[in-house]
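Start with the view below.

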Amino acid sequence: MSDTEFGRILMTGAAGGVGTFLRAGLAELGWQVRGFDLVTPDEPGTTEWVVGDVGDAAALDAAMRDVDVVIHLAGIPVEDRFERILKSNIDGTYQVFDAAVRAGVPRILTASSNHAVGYHERADYRDAPIGVDVRPRPDTYYGVSKVFMEAIGSFYADRHGMQVVCVRIGSCFEEPKSIRMLDTWLSPADATRLFHALATAPEVGYEIVYGISANKTAWWDLEPARRLGYEPQDDSDVFAEKVEAAAGGAPDPADPEFRYLGGRFTMAVPPED
Ligand SMILES: NC(=O)c1ccc[n+]([C@@H]2O[C@H](COP(=O)([O-])OP(=O)(O)OC[C@H]3O[C@@H](n4cnc5c(N)ncnc54)[C@H](O)[C@@H]3O)[C@@H](O)[C@H]2O)c1
């Protein structure tokens, strides 16, 4: 345990979009944040920094020292060729979980994705929100890697007694950029609230939660996150007029963007190169 209010977080992928929001937000709340990434950001701020690859077990062992919670964000965040997803997202996630066990870190919060269940259809969830217990329906190799993440999280919770929360993040950006994102938006401030709640929740075994703000149009069940102490404060509705005007019309329900939970990822193909 570090001498800050809550302890030390090791955050993989800390230089990325979500990491940049979280490391500032969590440090402000009183966490000591140790970033771990292939690159150093322009402004690490007060964060301790380790340049390393999540495929490198020795680098992870060194980075896990005196860590209370791991937040695992590192990886490829979009569709890609399977070999690259395998290395960064599947082997990388295995390495992070395994290093956490070796170091005796009790809790991992890990960035899963809506794309682990992206082929579920909105039309089937008109009467009740989609739960976290629906069967995996990945929409890409990327989504498959998130199903793996949820599976190894479950395995390590059962086998090693780790406390694991897999967060199926929606769309974590400053503002929603499309009509779909009015449903899926996770504001940077709510992202901080969510990960702080999950890091401090007293009773955690193995959990999957959806990570979105309190969006009026959301059709994903937020109760599992609320049960762990998450109290979202933001609602994408404040951007609705702007986003709808830019979209220039009502969404077509047959468009994969609106039909499927994963939106256009259901049409994504890996790049050729
Ligand atoms: N942004 C979103 O809305 C969203 C939605 C769902 C899930 N997620 C997940 O959240 C995580 C972060 O997403 P993001 O949008 O910040 O992506 P990002 O690409 O901005 O950040 C990912 C970071 O991981 C680092 N990284 C990649 N491979 C690495 C490796 N092998 N070793 C060490 N570091 C490595 C990159 O350098 C980068 O800084 C990802 O796992 C992504 O799948 C994000």
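On a 1 Å grid over the protein atoms alone, a pocket is an open set of points with protein on both sides within 12 Å along at least five of seven lines. A molecule sits in a pocket if more than half of its atoms lie within 2 Å of its grid points. Here, the ligand sits in the largest pocket.

The model is predicted: local features need pLDDT of at least 70, side-chain atom pairs count only at pLDDT 80 or more, and totals for chains, interfaces and linings use all residues. Residues are numbered from 1 along each chain as its sequence is written, and side-chain values use heavy atoms, without hydrogens and water.

The ligand is surrounded by 24 residues (a heavy atom within 4 Å). V18, D37, L73, Y142 and C172 are the closest. By class, the shell holds twelve nonpolar, nine polar and three charged residues. Nonpolar means Ala, Val, Leu, Ile, Met, Phe, Trp, Tyr, Cys and Pro; charged means Asp, Glu, Lys and Arg; the others, Gly among them, are polar.

The protein covers 85% of the 820 Å² of accessible area that the ligand has on its own (Shrake-Rupley method, 1.4 Å probe).

Which element gives the most to the shell? β5 does, with three residues. Helices (H or I, at least four residues) and strands (E, at least two) are DSSP runs, numbered from the N terminus. The protein has nine helices and seven strands.

Methods: 1 Å grid on protein atoms, 1.4 Å probe; cavity = no way out; pocket = protein on both sides within 12 Å on 5 of 7 lines; lining within 4 Å.
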